[in-house]
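Here's a quick walk through some surface features, charges and rings. Have the sequence and the 3D view open as you read.

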Amino acid sequence: MGAVPKKRISKARRDRRRAHDALTQPHLVVCEECGEMKRPHYVCEVCGTYKGIKVLPGVES
Ligand SMILES: [Zn+2]
């Protein structure tokens, strides 16, 4: 037999454990170059720029 709980976890204790389980929304800001949503402090995947400078070759706007 595998791991079997000795005592039933109460609803209160179960719910307390799950109090931290909520997912958070991903942080997004509007890209200065193309206006698409992007992660802050990351290169824009749509137009390949960061802070107005093209850093990804091959990705043209
Ligand atoms: Zn962009």
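## A nonpolar patch on the surface

Leu28, Val30 and Met37 make up a nonpolar surface patch, and together they have about 280 Å² of accessible area. Patches here are built from residues with over 30% relative accessible area and no salt bridge; like charges are joined within 9 Å and nonpolar side chains (Val, Leu, Ile, Met, Phe, Trp, Tyr) within 5 Å. The areas come from the Shrake-Rupley method with a 1.4 Å probe, and for residues only the protein chains shown count as cover.

Met37 belongs to strand S2, residues 37–38. Strands (E, at least two residues) and helices (H or I, at least four) are DSSP runs, numbered from the N terminus. Met37 counts as partly exposed because its relative accessibility is 47%; buried would be under 20% relative accessible area and exposed over 50%, with partly exposed in between (1.4 Å probe, protein chains only).

## Where the numbers come from

Keep in mind that this is a predicted model: local features need pLDDT of at least 70, side-chain atom pairs count only at pLDDT 80 or more, and totals for chains, interfaces and linings use all residues. Residues are numbered from 1 along each chain as its sequence is written, and side-chain values use heavy atoms, with hydrogens and water left out.

## The loop between S1 and S2

Gly35 sits in the loop between strand S1 (29–30) and S2, and Glu36 lies in the loop between S1 and S2 too. At 41% relative accessibility, Gly35 is partly exposed; Glu36 is also partly exposed, at 42%.

What does Glu36 touch, leaving out residues up to four places away in sequence? Its partners are Val29, Val30, Cys31 and Val46, where contact means heavy atoms within 4.5 Å. For Gly35 and Ser10, 25 residues apart along the chain, the C-alpha separation is 49 Å.

## Charges and rings

How many salt bridges turn up in a search of the whole structure? One. The side chains of Arg14 and Asp15 form a salt bridge, at 2.9 Å from N to O; the term calls for a side-chain nitrogen of Lys or Arg within 4 Å of a carboxyl oxygen of Asp or Glu. Asp15 is partly exposed at 40% relative accessibility, and Arg14 is partly exposed at 30%.

Arg39 puts its charged end over the ring of Tyr42, 4.1 Å from the ring centre. To count, NZ of Lys or CZ of Arg must be within 6 Å of the ring centre and within 35 degrees of the ring normal.
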